[in-house]
Amino acid sequence: MGKYECVAENSVGTEHTKPTPLYVKVRRVPPTFSRPPEPVYEVMLGANLTLTCVAVGSPMPSVKWRKGVDQDLTPENDVPVGRNVLELTDIRVSTNYTCIAQSSLGVIEATSLVKVQSLPAAPTDVTISEVTATQVRLEWSYKGPEDLQYYAFSEISGIITMFYVVRTLSPYTEYEFYVIAVNNIGRGPPSLPATTTTGET
């Protein structure tokens, strides 16, 4: 609180208004994100990515980045105010990155998953059962990421289960089967082969 007056001045002279009491109230606003990072960024293996995080408030918040659960990426003695840009290069592993905005009025966080897109791994444990003269049953396991579209082998594709009965085979013939996992990037490497001989008619 104090008394303030308005002063007008030109070449003719100076005029003062009557002093008036004025209350000055400091505006205090907790931090909020004006430009948070996206929830998910999908990148190719080995790609580069720029993450930008902007927060506002009064007082203006400091903004820093954290990788995973507890790896701070912003030096404590050099935390920027209001905006922080994180440059990622040669990304190899999917990881969470969290933007943290903090002031004396509170702390807020926004987490982004940087997801590396890559070809699926090879299926494992391919086994053959229920062998007859003209068909066999294949089963396999898959321990890779869940975002598969389907499985394929030989000239057959679009399989969405982890088993398949192969029909119209020739009697008493040796066959070698391997399974491939397919996602939106493409076809992964084949599994180890499984071999069997069909029965006689």
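This is a predicted model: local features need pLDDT of at least 70, side-chain atom pairs count only at pLDDT 80 or more; totals for chains, interfaces and linings use all residues.

User: What makes T127 a residue in contact with R137?

Analyst: Contact means heavy atoms within 4.5 Å. Leaving aside its neighbours within four places in sequence, R137 meets that rule with T127, I128, S129, E130, F163, Y164 and V165. Residues are numbered from 1 along each chain as its sequence is written, and side-chain values use heavy atoms, leaving out hydrogens and water.

User: Why is the pair of C53 and C99 called a disulfide?

Analyst: A disulfide is a pair of cysteine sulfur atoms within 2.5 Å. The sulfur atoms of C53 and C99 are 2.0 Å apart, so the pair qualifies. The structure holds 1 disulfide. C53 lies in strand β7 (residues 49-58) and C99 in strand β11 (residues 95-103), so the link ties together parts that are 46 residues apart in sequence. Strands here are DSSP runs (E, at least two residues), numbered from the N terminus.

User: How do you know whether C53 is buried or exposed?

Analyst: Buried means under 20% relative accessible area, exposed over 50%, and partly exposed in between (1.4 Å probe, protein chains only). C53 has a relative accessible area of 0%, so C53 is buried. C99, at 0% relative accessibility, counts as buried too.

Technical notes: Helices (H or I, at least four residues) and strands (E, at least two) are DSSP runs, numbered from the N terminus.
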